[in-house]
Amino acid sequence: YLHVALLFWQQVILCHCTLDDLRVDGRSCEDYRYVEVETDVVSNTSGSARVKLGHTDILVGIKAEIGRPKLDRPNKGCLEFFVDCSANATPEFEGRGGEELGTEIANALYRVYDNERSVDLKSLCITPMEHCWILYTDVLLLQCDGNLFDAISLAIKAALLTPSKIPKVQMMEDEEGTTEIELSDDPFDCVRLNTENVPCIVTLCKIGQRHVVDATLQEKACSVASLLVSVTSKGTITCVRKIGGGSLDPESIYEMIETGKRVGKALHAPLQDILNKEESLGKSREKVGFIG
Amino acid sequence: MPVDTKRLRGPEESQSPWLFVEQEQQSPPDEREDGRRKGQVDVRPIFARCGLVSQAKGSAYIESGKTKVICSVYGPRETERKDETDMKFGRLVCTFRFAPFSCAKRCGWIQSTQEKDLSMALLGSLHPGLCLHRYPRSQIDVSVLVLENDGSALAHAVTCASLALADAGIEMYDLVLGCSLRQEGSDYLLDPTFAEETQEPATESTENRGGMMVALLPSLNQVSGLLCSGDLEQQPLVEAVAACIEGCQRIYSVAQRCLLTAVKKKNPPPDG
């Protein structure tokens with residue numbers, strides 16, 4: 001998907017420059033592009049966020065609905081992911097073209113968030129075996145310019161972090177044993193998720209002898225294999241996955257995990273700061289929206 | 001949810017009664033259920049054989065503990081879809097399936113998301129080992145069926161598929177071997193059984209738990225697939241990858257011998 005044709009000499013130059021910690025756009029190997037985050041962009045969601053990373057543009061909307069817990073996890077809520085590759089991003093996604101990429105990303109997301117600590121799923125349970133919150137996380141790719149995974153994980157974290165509108169619910173049982181769900185009348189009486197440990201994904205692309213973070217499409221075209229590392233703010237690693245058609249030698253995997261951990265850990269604090277600032281502004285915040 | 005209308009179905013939803021049984025198992029420390037040691041590169045004995053599906057170009061069967069995997073390879077044949085990359089490189093198509101009765105919980109006939117995910121992981125692991133540039137405009141189909149899942153299904157599927165590809169005479173850079181690992185605190189369990197893969201921790205602490213699968217090209221010493229999820233610190237993670245690589249090396253000789261037997265059987269040496 002998303003092939004960029006590069007001439008051979010362009011590839012050679014790109015690979016050689018990377019050796020000297022130089023990249024085409026002037027960044028060093030461990031630098032991200034400029035990131036823009038805006039939360040609460042879609043009003044019908046429980047939480048939403050839009051992230052722009054270079055020209056990559058992601059919109060995430062989370063909707064909370066009540067459903068049944070999975071039988072093997074009776075006292076936990078669940079997260080469901082769906083990634084839509086819209087034909088807006090590139091004509092290759094038209095029809096069923098983006099489906100493969102969409103499932104690949106969604107499956108990776110399930111693995112990234114599938115652990116005890118990243119999202120407190122127990123707090124999403126209302127009554128064990130009966131009712132729980134299901135957070136439907138829908139990811140929309142509006143524009144693709146490389147490094148989709150990192151941008152998506154930032155957007156999901158931001159969307160989870162916003163004062164989510166998951167209302168408080170009480171289960172009432174009458175004498176006949178039937179249960180009723182009672183919603184709180186106060187719209188501000190909401191449950192807030194603990195998102196301290198929600199991981200961020202860092203994708204490292206192996207180019208020549210070195211690896212770079214936040215690769216553009218051109219850089220990605222020069223790399224045969226990349227490693228996806230998801231890191232929490234405390235530095236624990238929740239998922240590692242090799243993507244791409246090539247192989248990596250063990251030593252470089254160890255190095256990439258180390259870089260991934262360092263970069264990922266550093267990614268959390270600025271995001272948290274910005275979101276806190278945005279929240280403190282409250283309603284006075286100037287909304288940028290989609291034309292900004 | 002896609003609904004299967006072609007086959008006779010039971011009720012919309014049904015559960016195995018075993019799911020409701022409270023499970024309590026306390027294995028003594030240092031010892032695993034089958035007598036293997038924790039924290040040691042101790043893979044289950046492997047039985048592998050090539051060439052059992054006569055219609056397929058190549059096939060292989062692997063049994064490790066109670067995990068049983070069968071794989072057949074068809075092709076290279078002309079591709080159905082054609083785009084620019086297909087003109088230069090062959091296309092590898094992998095299908096990973098659990099037989100409906102293979103797991104503790106019955107699997108449906110329709111490919112589930114988990115199976116799709118594992119198919120992609122299988123494809124990613126096999127791809128670096130194949131000389132696909134030797135097969136322009138063609139497609140190679142690999143289908144893996146897990147007959148019985150007693151843990152480490154993906155790892156054995158990778159090994160099994162690469163044996164089948166070799167048996168089919170597809171040009172490869174190297175065999176691809178897979179090995180799984182389960183991390184429990186400071187200990188790791190190599191080649192875990194299904195019970196070990198899914199067990200709940202004895203303690204509440206959730207630190208350093210996770211599962212991992214590594215695919216290795218053994219003679220080139222290149223990692224072609226890495227899939228890990230859980231909650232791991234960097235140090236145990238790196239050690240776990242190293243342990244998996246060693247585990248892959250352990251089964252290399254079995255895989256080689258299996259291929260040798262298959263070749264000898266196909267082309268019996270002249271008498272005398």
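What follows is a list of things to select, with a note on what you will find at each.

Keep in mind along the way that this is a predicted model.

**Stop 1: where the chains meet**

Show chain A and chain B together and colour them separately. In contact here are 36 residues of chain B and 31 residues of chain A. The two chains bury about 3,100 Å² between them, and 55% of that is on carbon and sulfur atoms. On the chain B side, select Met120(B), Leu226(B) and Gln234(B): these lose the most area to chain A, together 19% of what that side buries.

How many salt bridges are there between chain B and chain A? The count is two. For one of them, select Arg241(A) and Asp117(B), whose closest N and O atoms are 2.9 Å apart.

**Stop 2: aromatic pairs**

Over all chains, the structure holds four aromatic pairs. Start with Phe81(A) and Tyr110(A): the ring centres are 5.3 Å apart and the planes sit at 85°, so this pair is edge-to-face. Phe81(A) belongs to strand β4 (residues 78–85) of chain A and Tyr110(A) to helix α2 (residues 99–113) of chain A, so the pair ties together parts that are 29 residues apart in sequence. Phe81(A) is buried, at 7% relative accessible area, whereas Tyr110(A) is partly exposed at 28%.

Hop over to chain B for another pair. Phe96(B) and Phe98(B) have ring centres 5.2 Å apart and planes at 85°, so they too pair edge-to-face. Both of these phenylalanines, Phe96(B) and Phe98(B), are buried.

Along with Phe81(A) and Tyr110(A), Tyr113(A) makes up one aromatic cluster.

**Stop 3**

Now select residues 252–266 of chain B, which is helix α6. This helix has 15 residues and reaches 21 Å from its first C-alpha to its last, close to the 21 Å expected at 1.5 Å a residue.

Show the side chains and pick out Tyr252(B), Ala255(B), Cys258(B), Leu259(B) and Ala262(B), the buried residues of α6(B). Turn the view until you look down the helix axis: the buried residues of α6(B) fall within an arc of 130°, so they line one face. There's a simple piece of geometry to remember here: an α-helix has 3.6 residues a turn, so residues three or four places apart point the same way.

Which exposed residues sit on the face of α6(B) turned away from its buried side? Select Arg257(B), Leu260(B), Lys264(B) and Lys265(B) to see them. For what covers the buried residues, bring up other parts of chain B, including β1 (46–50), α3 (153–167), β6 (177–184) and α5 (234–250).

**Stop 4: a strand residue in chain B**

Stay with strand β6 of chain B and select Ser180(B), which lies in it. Is Ser180(B) buried or exposed? At 6% relative accessibility, Ser180(B) counts as buried. Leaving aside neighbours within four places in sequence, Ser180(B) is in contact with several residues, among them Ser152(B), Ala155(B), Asp191(B), Met212(B) and Cys244(B).

**Stop 5: a buried glutamate**

Over in chain A, select Glu219(A), found in helix α4 (residues 217–222). Glu219(A) counts as buried, with 2% relative accessibility. Apart from neighbours within four places in sequence, Glu219(A) is in contact with Leu14(A), Arg23(A), Arg27(A), Ile207(A) and Asp214(A).

**Stop 6**

Finish by showing the backbone of chain B. The peptide bond from Gly75(B) to Pro76(B) is cis, with omega near 0°, and Pro76(B) lies in strand β3 (residues 67–78).

Next, select Arg137(B), in the loop between α2 (113–126) and β5 (138–148) of chain B. Arg137(B) is not a glycine, yet its phi is positive, at about 60°. The residue Arg137(B) is partly exposed, with a relative accessible area of 48%.

Last up is Asn221(B), in the loop between β8 (209–217) and β9 (222–232) of chain B. Here too phi is positive in a residue other than glycine, with Asn221(B) near 50°. Asn221(B) is partly exposed, at 35% relative accessible area.

Methods. Residues numbered from 1 in each chain as written. Chains lettered and ligands numbered in written order. Predicted model: local features only at pLDDT ≥ 70, side-chain atom pairs only at ≥ 80, totals over all residues. Heavy atoms only, no water. Phe/Tyr/Trp six-rings, centres within 6.5 Å; stacked < 30°, edge-to-face > 60°. Helix = DSSP H or I, 4+ residues; strand = E, 2+ residues; numbered from the N terminus. Buried < 20%, exposed > 50% of the residue type's maximum accessible area, 1.4 Å probe, protein only. Expected span 1.5 Å × (residues − 1). Arc of directions from axis to C-beta. Contact = heavy atoms within 4.5 Å. Buried area = accessible area lost by both parts, 1.4 Å probe. Salt bridge = Lys/Arg side-chain N within 4 Å of Asp/Glu carboxyl O.
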